[in-house]
Amino acid sequence: LTDNNTVGSVNSGPQGTVASFVAANSESLSRNTVDGLAEWTVSGWVYIDGESDSVNILTNHNTWANQLNVAVGVVNRRITCYVGDGAAYAGGGDSVDVELGSWHHVVAWYTASDKKVRFSRNGGAFTFASDALAGSLYTAAGTLRLGGDADLLGEQADGLLGSVGIWSGVLPPSERVSLFNSGAGKRYADLTAGEKTGLVSYWDLSETSGTRVDSHGSNDLTDNNTVGSVINAGAAMDGAAASFV
């Protein structure tokens, strides 16, 4: 079939149950102590449903000068990702307007050699690098949170998260694309042996309430304020579908 005028596509996102956060309730999922990493990769699905969303995929705060804070939000209909090292926040935004009410797979990774964080969306739909950060990120143990930044900035997620993982090292491009999985995402049971190399924790977030189990490691997440859940309506779609205007 010939595309006569740039027919787009939409992604189904992670299949089944996903975690639902309400910012007004200061909700987050947390683990009291998680070891620090010299280099890391974070992967997760974020549902963007409004202009003002600010969704923290993962946050770590040991001290103000040593943290991992990977956040995703929408500013002027463009996805913005950022990290903080205590001294400053660094990041950047997508160059293309995004559809609200849609799932996005975001990967962020930190390389110690140049102290930069790089981001990509939806299997490499865009990639950019932050400026060099002043200090090394996430090198000491600390509290790890999904969906909230209650200690310092008071920012809370207002949206959905699914299939979040963290690795001790930088994933190769082929595995970042594989995790996107043509828009269908991957539960832990779907990961390949290669994708489990260096894996620290992986949360399907498929529980309807209470503790969210770490399917790979021992970093189960405690629900601090009744984080809810919904069934992703895209579960019937296996991958991307054509979107016509």
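Trainee: How much of the chain counts as buried?
Mentor: Of its 245 residues, 49% count as buried. Keep in mind that this is a predicted model.

Trainee: And how many helices and strands are there?
Mentor: The chain has 1 helix and 19 strands.

Trainee: What share of the contacts comes from residues 24 or more positions apart?
Mentor: They make up 67% of the contacts with a separation of 6 or more.

Trainee: Let's take the helix. Which residues of α1 are buried?
Mentor: Helix α1 covers residues 173-180, and its buried residues are E175, R176, L179 and F180. They span an arc of only 150° around the axis, so they lie on the same side of α1.

Trainee: What does R176 do with its charged end?
Mentor: The charged end of R176 sits over the ring of W109, 3.8 Å from the ring centre.

Trainee: And F180?
Mentor: F180 belongs to a cluster linked by ring pairs, together with W45, Y47 and W103.

Trainee: What comes just after α1?
Mentor: N181, with a positive phi of about 55°.

Trainee: Which other residues have a positive phi without being glycine?
Mentor: N122 and S163 are two of them, each at about 50°. Most residues other than glycine have a negative phi.

Trainee: Where do N122 and S163 sit?
Mentor: N122 is in the loop between β10 and β11. S163 is in strand β15.

Trainee: Switching to aromatics. How many aromatic pairs are there?
Mentor: The count comes to 6 aromatic pairs. Take W167 and Y202: their ring centres are 6.3 Å apart and their planes sit at 75°, so the pair is edge-to-face.

Trainee: Where in the chain are W167 and Y202?
Mentor: W167 is in strand β15 and Y202 is in strand β16 (residues 199-203). The pair links distant parts of the chain, 35 residues apart.

Trainee: Buried or exposed, those two?
Mentor: W167 counts as buried at 1% relative accessibility. Y202 is buried at 2%.

Trainee: What is the geometry of the pair of Y188 and Y202?
Mentor: Tilted, with 6.2 Å centre to centre and 45° between the planes. Y188 lies in the loop between α1 and β16, 14 residues from Y202. Y188 is buried as well.

Trainee: On to the nonpolar cores. How many residues does the largest one have?
Mentor: The largest nonpolar core has 26 residues. Those with the most contacts inside it are F21, L29, W40, V117, L146, W203 and L205.

Trainee: Which strand gives the most to this core?
Mentor: β4, with 4 residues. Strands supplying at least two residues each include β2, β3 (29-34), β9 and β12 (142-146).

Trainee: What lies apart from that core?
Mentor: Another core, of 7 residues. Y188 and Y202 are among them, along with L191 and L199.

Trainee: Back to β2. How many of its residues are buried?
Mentor: Strand β2 (residues 16-21) is mostly covered, with 5 of its 6 residues buried.

Trainee: Which strands does β2 bridge to?
Mentor: β18 (residues 228-232) is joined to β2 by 5 bridges, running antiparallel. β15 is joined to β2 by 3 bridges, also antiparallel.

Trainee: Which residues face each other there?
Mentor: S20 stands opposite G228 in β18. A19 has L161 as its bridge partner in β15.

Trainee: Last one, V230. Where is it, and what does it touch?
Mentor: V230 is in strand β18. Leaving out residues up to four places away in sequence, V230 touches G16, T17, V18, S20 and L160. V230 counts as partly exposed, at 32% relative accessibility.

Trainee: How far is V230 from E207?
Mentor: Their C-alpha atoms are separated by 9.7 Å, and the two residues are 23 apart along the chain.

How values were computed. Residues are numbered from 1 along each chain as its sequence is written. This is a predicted model: local features need pLDDT of at least 70, side-chain atom pairs count only at pLDDT 80 or more; totals for chains, interfaces and linings use all residues. Side-chain values use heavy atoms; hydrogens and water are left out. Buried means under 20% relative accessible area, exposed over 50%, partly exposed in between (1.4 Å probe, protein chains only). The arc is that of the directions from the helix axis to the C-beta atoms. Two strands pair if DSSP finds at least two bridges between them. Rings of Phe, Tyr and Trp (its six-membered ring) pair if their centres lie within 6.5 Å; planes under 30 degrees apart count as stacked, over 60 as edge-to-face and the rest as tilted. A charge sits over a ring if NZ of Lys or CZ of Arg is within 6 Å of the ring centre and within 35 degrees of the ring normal. Contact means heavy atoms within 4.5 Å. A nonpolar core is a set of buried Ala, Val, Leu, Ile, Met, Phe, Trp, Tyr and Cys residues joined through side-chain atoms within 4.5 Å.
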